[in-house]
Amino acid sequence: MLDKAANHIDIVLKPVTQAINGVGTGILLVMVVLMGVNVLLRYAITKPIPGTVELEELMLVILVFFGIAYTAVEKRHVRVELVISKLSQSVQSVVNSVTSLVSLSVCCLMLWQVAAFGLEKWQAGTVGIVVKVLVGPFIFVAAFGIALLAIALLVELLRSLSAVNRRRQWHWFAVACVLVLGLFMAIFWLQPSREATAIIGFGMLLLFLLLGMYIAFVMIMVGFLGSFYLLGANASLYYLGSAPFGTISDYTLCVVAFFVLMGYISSEVGISHDIYYTAHKWLGQLPGGLAMATVGGCAGFGAICGDSFATAAVMGSASLPEMQRYNYSPRLATGSVAAGGTLGTMIPPSIGMIFYCIVTDQSIGTLFIAGILPGVMLAILFMMVIYGEARFNPAIGPAAPKVGFIERLVALKGSWSMLLLFILVIGGIYIGIFTPTEAGAIGACGAMLIGLAKRRLSRKTLFNAMLDSGRTISMLLIILIGAMMLSYFITASRAPFLISNFVVGLDVSRYLVLAFILLVYLVLGCIMNVIPAMLITLPIFYPAIVGLGFDPIWFGVIMIVMIEMGMITPPIGMNVFVIKGVARDVPIETIFKGIIPFVLMMVLGIIILTFFPSIAL
């Protein structure tokens with residue numbers, strides 16, 4: 001009965017949310033074109049379009065909230081499945097039912113408060129500063145998107161409860177609900193101190209993350225409960241209602257949308273395959289040359305993509321069949337792709353770097369420039385270990401047939417598109433022609449023009465790139481809403497200041513403290529992507545790092561390296577499972593064995609950056 005109800009709702013919900021997400025992604029195209037035209041007008045007639053910033057902010061709200069429900073329908077919201085996946089099906093059904101119920105409750109509470117906030121702004125007649133547009137309707141757009149998300153979460157709950165019903169486990173479900181409710185009530189009954197509340201909050205955060213609840217809703221839940229206890233009902237409810245619109249209507253976040261779109265368009269028009277083909281021709285004749293070409297291809301694609309998962313998946317599909325054809329060891333082949341994938345976040349433009357700068361209020365352009373040399377250094381270290389292994393044991397990485405110099409020169413034509421985009425984006429930022437946000441829009445326009453020039457950009461490829469972009473942007477920015485809610489609670493608890501003062505006052509080497517913090521990021525990188533790992537921890541660790549006198553730009557670089565190392569570290573590394581999805585016939589143990597030399601190279605890279613910080617600065 002429950003399953004049938006879920007199916008009936010889903011029949012209507014899926015096409016509706018897909019259509020609405022399509023409208024949102026259409027708005028994304030308008031955002032890119034508007035930004036591109038604005039830059040051209042600024043230089044052509046020194047008269048940009050008035051109110052561009054506000055228009056971009058309001059359109060970003062439509063884009064994100066029109067996409068969050070479809071992202072849930074497509075199961076794209078992020079969760080940690082490390083523990084829940086190891087449990088029996090019976091236990092999973094109970095746990096999933098409880099976490100789905102909690103997520104739905106949080107979503108409904110947020111919907112109520114966002115709608116109330118929108119009504120308040122509507123009645124007050126609040127308008128934009130430059131573009132005199134009413135703000136209220138855009139807050140209602142956010143409420144509409146959250147309402148659709150609530151329906152999607154209801155479908156998940158019904159399906160989970162259906163599994164509980166099939167196994168006759170209602171008593172365990174009731175017990176679990178009572179335990180969760182008791183956990184929430186215990187906070188108010190025990191009346192812990194402000195500092196103890198922060199510790200309890202992080203304990204709850206870790207518990208529900210490991211139980212497989214969506215990361216965004218875990219952070220919203222913990223942030224709301226903590227601020228409710230510390231600041232009272234009025235303040236916490238008001239922030240819950242204002243945070244979604246207030247967080248997303250931020251011009252700075254447009255850079256995320258633009259770079260995500262640039263990466264997906266570049267993938268759809270085959271720039272990644274062109275990069276690999278060029279690297280293959282130049283490096284393939286060396287021992288381990290195809291694996292080295294894969295690392296080079298990952299570095300090139302990372303320069304236009306910004307995400308390690310996407311880099312690993314795209315380059316894996318391009319390079320693994322080729323290495324298999326030349327009888328490469330599965331261990332070396334999969335290890336090189338998994339390690340090379342980490343360069344997607346390391347080499348700018350990087351989505352992880354963007355979020356770091358948003359949270360810490362650092363310059364995105366400065367961090368982009370700082371990441372170039374460390375990223376190149378890691379790529380060289382990876383190639384060195386590949387060459388050393390293949391030289392010592394040629395059977396694991398046989399050299400491909402030699403290619404003439406003329407043929408190699410001809411192959412360079414495949415790299416012009418990547419080089420053009422990289423120079424356009426990073427060069428434009430470095431010279432000061434445009435800001436990082438404008439660079440993202442120009443890069444997306446450039447990727448589309450390259451696709452047209454290569455005759456690879458069709459309506460279908462553009463639609464696929466935009467649809468994937470809409471889902472990814474919504475997934476990333478709903479996590480940011482959760483992070484802002486969690487940060488509100490953490491700030492109220494005064495935990496960052498207390499920890500910073502405690503750490504600074506310790507009579508130990510500051511590098512010992514740094515090593516501990518980096519170890520935490522290594523562990524987090526094993527179980528989650530770079531963005532949630534940063535958003536959860538930076539409010540705690542960043543003040544301590546600054547208090548110890550470390551350069552925040554330098555720390556941003558090595559922190560990302562450390563999280564990316566966690567993403568390929570046995571026995572959990574998330575990037576490894578991406579590669580497993582591409583190389584289905586390779587045992588997971590083989591992939592992990594292939595990763596170990598690259599992990600050691602990343603450790604060496606961290607040591608080099610610590611002793612020679614000027615590489616990043």
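**Helix packing, cysteines and loop residues in a predicted model**

Arg455 is found in the loop between α20 (436–453) and α21. Helices here are DSSP runs (H or I, at least four residues), numbered from the N terminus, as are strands (E, at least two). The model is predicted, so local features need pLDDT of at least 70 and side-chain atom pairs count only at pLDDT 80 or more, while totals for chains, interfaces and linings use all residues. Residues are numbered from 1 along each chain as its sequence is written, and side-chain values use heavy atoms, with hydrogens and water left out.

Arg455 has a phi near 60 degrees, a positive value in a residue other than glycine. Most residues other than glycine have a negative phi. The relative accessible area of Arg455 is 81%, and the residue is exposed. Exposed means over 50% relative accessible area, buried means under 20%, and partly exposed lies in between (1.4 Å probe, protein chains only). Asp361 also has a positive phi, of about 60 degrees, although it is not a glycine. Asp361 lies in the loop between α16 and α17 and follows α16. With 69% relative accessibility, Asp361 counts as exposed.

Of the 10 residues of α16, 8 are buried, so the helix is largely enclosed by the rest of the structure. The buried residues are Ile351, Gly352, Met353, Ile354, Phe355, Tyr356, Cys357 and Thr360. These residues pack against α10 (254–268), α15 (343–346), α17, α21 (459–493), α24 (530–547) and α25 (552–566). Contact means heavy atoms within 4.5 Å.

Two packed helices are described by the angle between their axes and the distance between the axes. Axes are lines fitted to C-alpha atoms, for helices over the stretch in contact, and angles run from 0 to 180 degrees between N-to-C directions. Helix α16 (residues 351–360) packs with helix α17 (residues 364–392) at an angle of about 140 degrees, and their axes are 9 Å apart. That makes α16 oblique to α17. Angles under 35 degrees count as roughly parallel, over 145 as roughly antiparallel, 65 to 115 as roughly perpendicular, and the rest as oblique. The crossing of α16 past α17 is right-handed. A crossing is right-handed if the near helix is turned clockwise from the far one by less than a right angle, and left-handed if anticlockwise. On the α16 side, the contact involves Met353, Ile354, Tyr356 and Cys357. These residues meet Ile364, Leu367, Phe368 and Gly371 in α17. By class, the contact of α16 with α17 has 7 nonpolar residues, 1 polar and no charged. Ala, Val, Leu, Ile, Met, Phe, Trp, Tyr, Cys and Pro count as nonpolar, Asp, Glu, Lys and Arg as charged, and the others, Gly among them, as polar.

The axes of helix α7 (residues 194–210) and helix α8 (residues 215–231) cross at roughly 160 degrees and come within 10 Å. That makes α7 roughly antiparallel to α8. Helix α7 passes α8 in a right-handed crossing. From α7, the contact is made by Arg194, Thr197, Gly201, Met204, Leu205, Phe208 and Leu209. From α8 come Ile215, Val218, Met219, Met221, Val222, Leu225, Tyr229 and Leu230. The contact of α7 with α8 divides into 12 nonpolar, 2 polar and 1 charged residues.

Cysteine pairing was searched across the whole structure, and 0 disulfides were found. A disulfide is taken as a pair of cysteine sulfur atoms within 2.5 Å. The sulfur of Cys108 is 5.9 Å from the closest cysteine sulfur, in Cys107, which is too far for a bond. Cys108 counts as partly exposed, at 38% relative accessibility. Cys357 is in no disulfide, and the nearest cysteine sulfur, that of Cys254, is 16 Å away. Cys357 counts as buried, at 3% relative accessibility.

Two further helix residues are buried. Glu57 lies in helix α2 (residues 52–65). Its relative accessible area is 19%, and Glu57 is buried. Leaving aside neighbours within four places in sequence, Glu57 is in contact with Ser249, Asp250 and Tyr251. Gly24 is found in helix α1 (residues 2–44) and is buried, with a relative accessible area of 0%. With neighbours within four places in sequence left aside, Gly24 is in contact with Leu63 and Phe66. Gly24 and Ser249 are 15 Å apart in space, C-alpha to C-alpha, and 225 residues apart in sequence.
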